[in-house]
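Hi,

Here is the structure I promised to pass on to you. Have a look at it first, and then read on for what turned up.

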Amino acid sequence: MEPDLIQTAPCIVKDEEYGPQLKVLKNTNNIKELQTFLRDKTTARSDFIFYADRLIRLVVEEGLNQLPYQKFTVTTPTGYEYHGLKYEKGNCGVSIIRSGEAMEQGLQNCCGPIRIGKILIQSDADTHEAKVLYSNFPPEFSSRKVLLMYPIMSTGNTVTKAMNVLKNHRVKEQNVILLNLFCTPRSVKSLINSFPGITIVTTEVHPVAPNHFGQKYFGTE
């Protein structure tokens, strides 16, 4: 007998070095081209946003594959019963301000009116320590699956702070799916060591992350 709850198979490349928590999208020519445009310093901002939104959409779609589904039967206009799937209820998004907000529209385009919370984390000018300045979450979000949005991860410090905030609000590690575009090996190892229950969905693990992403996307260069 098939289980009532199933998950769709993700289109990912397994990386034994980091374990099953890391889900890296298969590096197709299409994805490699998008990554190239986003790393190219000569890419115009309008083109940058276009290519970033395309890559974000791919990551969001893969992140949705990590959510639990349940079997669901519908009746077609011709009266035929179709045995399909639907998401379990209780999903929400949380963006880490500001670069994470670039991913909000992509999530809403895929999920419609999904609830989105926010966390603001900034580094102290003197100590360079990341500090949480603001957080706001949907009602009863502690029991939801949380799609945490942060496109560029260099050290993992910011996401670590965000994860601590989520845990303080009783969110379980295994209910958090990080939606990310680019991350470094250091950041992945740090995050998985600190939060072994988290799932990370990304397009690339590379020693050099395109840290200009937020400034270029929002035009604050």
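Cys 110 counts as partly exposed because its relative accessibility is 22% (buried means under 20% relative accessible area, exposed over 50%, and partly exposed in between, with a 1.4 Å probe and protein chains only). Cys 92, at 0% relative accessibility, counts as buried. Before going further, please note that this is a predicted model, where local features need pLDDT of at least 70, side-chain atom pairs count only at pLDDT 80 or more, and totals for chains, interfaces and linings use all residues. Residues are numbered from 1 along each chain as its sequence is written, and side-chain values use heavy atoms, with hydrogens and water left out.

How many disulfides are there? A disulfide is a covalent bond between the sulfur atoms of two cysteines, taken here as a pair of cysteine sulfur atoms within 2.5 Å. By this rule the count is 0. For Cys 92, the nearest cysteine sulfur belongs to Cys 111 and is 11 Å away. The sulfur of Cys 110 has its closest cysteine sulfur in Cys 111 too, at 6.0 Å, which is too far for a bond.

Next, the inside. A nonpolar core is a set of buried Ala, Val, Leu, Ile, Met, Phe, Trp, Tyr and Cys residues joined through side-chain atoms within 4.5 Å. The largest one has 30 residues, and Leu 148, Val 159, Leu 166 and Leu 178 touch the most other members. Among the elements giving two or more residues to this core are strand S7 (116-123) and helix H4 (157-168); helices (H or I, at least four residues) and strands (E, at least two) are DSSP runs, numbered from the N terminus. H4 gives the most, with 5 residues.

There is also an open sheet of 3 strands, in the order S10-S12-S14 with parallel pairing (two strands pair if DSSP finds at least two bridges between them). Its edge strands, S10 (152-153) and S14 (204-205), each pair on one side only. Between S10 and S12 (residues 182-183) there are 2 bridges, and Met 153 has Cys 183 in S12 as its bridge partner.

Finally, look for the pocket residues: which ones lie nearest the centre of the largest pocket? They are Ser 99, Ser 123, Tyr 150, Ile 152 and Thr 158, out of 28 lining residues. A pocket is an open set of points on a 1 Å grid over the protein atoms alone, where a 1.4 Å probe fits, with protein on both sides within 12 Å along at least five of seven lines; lining residues have an atom within 4 Å of a point.

Enjoy exploring!
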